[in-house]
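The sequence and structure are shown first.

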Amino acid sequence: MLFDTTQLALERSISGAAQRQEALAANLANADTPGYQRVDVDFHGALAAAMGSADPRSAVAQTTFATQADGSVGAVRADGSTVDVDAESAKLAANALEQESAVQVLHARLGILKSAMGVS
Amino acid sequence: MSLFGGIEISASALTAQRLRMDVTAENLANAQTTRGANGQPYRRKEVVLQEVQRGGFGAQLTAAIGTGSGRPGGVEAAGVVEDQTQGKLVYDPGNPYANAQGYVRMPNVDTVTEMVDLIDSSRAYEANVTAMQASKQMFTKTLDLLR
């Protein structure tokens, strides 16, 4: 068992952040689309549920994420679009940082494995 | 998972916003056009955007390997529609197109509205370029794992 649950969770969270990036990019792209409803990916929630299950290792490894319409935000524009460009930009920046931090931690853990194996 | 999904989505938005800018420029250029090809004053045009439902190879692959559901596809222009409101009448008896009372029907182009639209599409373009850069940076960071 080379990769532990944390390693798998980091890998899944990078994948989730990539999927969320797509969703947020689509929201920004559709900022001027009449009646558009914003979408989002709750990969934190999906991973937290997997970590809390009876067999976290396999649950985390099999976690997939759903891009879903976000009904919690009302229309912010006269044309019925629920996209707030400022909020989306902020979420986009935060998501990129989350992804980067997951990559950094994964990188550090891979470095530990490598040094244990004696490869540099 | 489509590796460059985010970039493709932002690219579709850049195309759509550029079309909006082109149409706004045409409206501004024709703000004084009292006779179009159909003999009527120019009518301002507007781009209607719509969401793209993802199809094709990417959607099939995503469904087949089960990596995430409901992936978005971006934006596209649904069409260019004409604004059917009437332009204002201007008193200009010397104009060859003036009516019996000396009034000329002007295009329904309001330069202030067009300038606001232009700023809107320009800012939207910038926002999507920023999103594209963020996507690119994310892929680069992930590739750094191999180093």
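## Interface and salt bridges

The contact (heavy atoms within 4.5 Å) takes 32 residues from chain A and 35 residues from chain B. Between them, chain A and chain B bury about 2600 Å², of which 60% is on carbon and sulfur atoms. Buried area is the accessible area (1.4 Å probe) that two parts lose on being put together, summed over both. Glu22(A), Ala29(A) and Asp32(A) supply 23% of the area that chain A buries against chain B, more than any other three residues.

The model is predicted: local features need pLDDT of at least 70, side-chain atom pairs count only at pLDDT 80 or more, and totals for chains, interfaces and linings use all residues. Residues are numbered from 1 along each chain as its sequence is written, chains are lettered from A and ligands numbered from 1 in the order in which they are written, and side-chain values use heavy atoms, with hydrogens and water left out.

Seven residue pairs, both at pLDDT 80 or more, are in polar contact between chain A and chain B. A polar contact is a pair of N or O atoms within 3.5 Å; within protein, one must be able to donate a hydrogen and the other to accept it, and residues adjacent in sequence count only if both atoms are side-chain atoms. On the side of chain A that touches chain B, helix H1 (5-29) and helix H4 (85-117) of chain A each supply at least two residues. H1(A) gives the most to that side, with 12 residues. Helices (H or I, at least four residues) and strands (E, at least two) are DSSP runs, numbered from the N terminus.

The structure holds 17 salt bridges over all chains, and the count between chain A and chain B is two. A salt bridge is a side-chain nitrogen of Lys or Arg within 4 Å of a carboxyl oxygen of Asp or Glu.

| Salt bridge | N to O distance |
|---|---|
| Asp32(A) and Arg20(B) | 2.8 Å |
| Arg38(A) and Asp70(A) | 2.5 Å |
| Arg20(B) and Asp120(B) | 3.1 Å |
| Asp83(B) and Arg44(B) | 3.2 Å |

Within chain A, Arg38(A) forms a salt bridge with Asp70(A). This pair links distant parts of the chain, 32 residues apart: Arg38(A) is in the loop between H1 and strand S1 (39-41) of chain A, and Asp70(A) is in the loop between strand S2 (67-69) and H4 of chain A. Arg38(A) counts as buried at 2% relative accessibility, and Asp70(A) counts as buried at 16%. Here buried means under 20% relative accessible area, exposed over 50%, and partly exposed in between (1.4 Å probe, protein chains only). Arg20(A), Arg38(A), Asp40(A), Asp70(A) and Glu88(A) are linked in a network of salt bridges.

In chain B, the side chains of Arg20(B) and Asp120(B) meet in a salt bridge. Arg20(B) lies in helix H1 (residues 5-29) of chain B and Asp120(B) in helix H3 (residues 111-143) of chain B, so the pair ties together parts that are 100 residues apart in sequence. Arg20(B) counts as buried at 12% relative accessibility, whereas Asp120(B) is partly exposed at 28%. Arg20(B) also meets Asp32(A) in a salt bridge.
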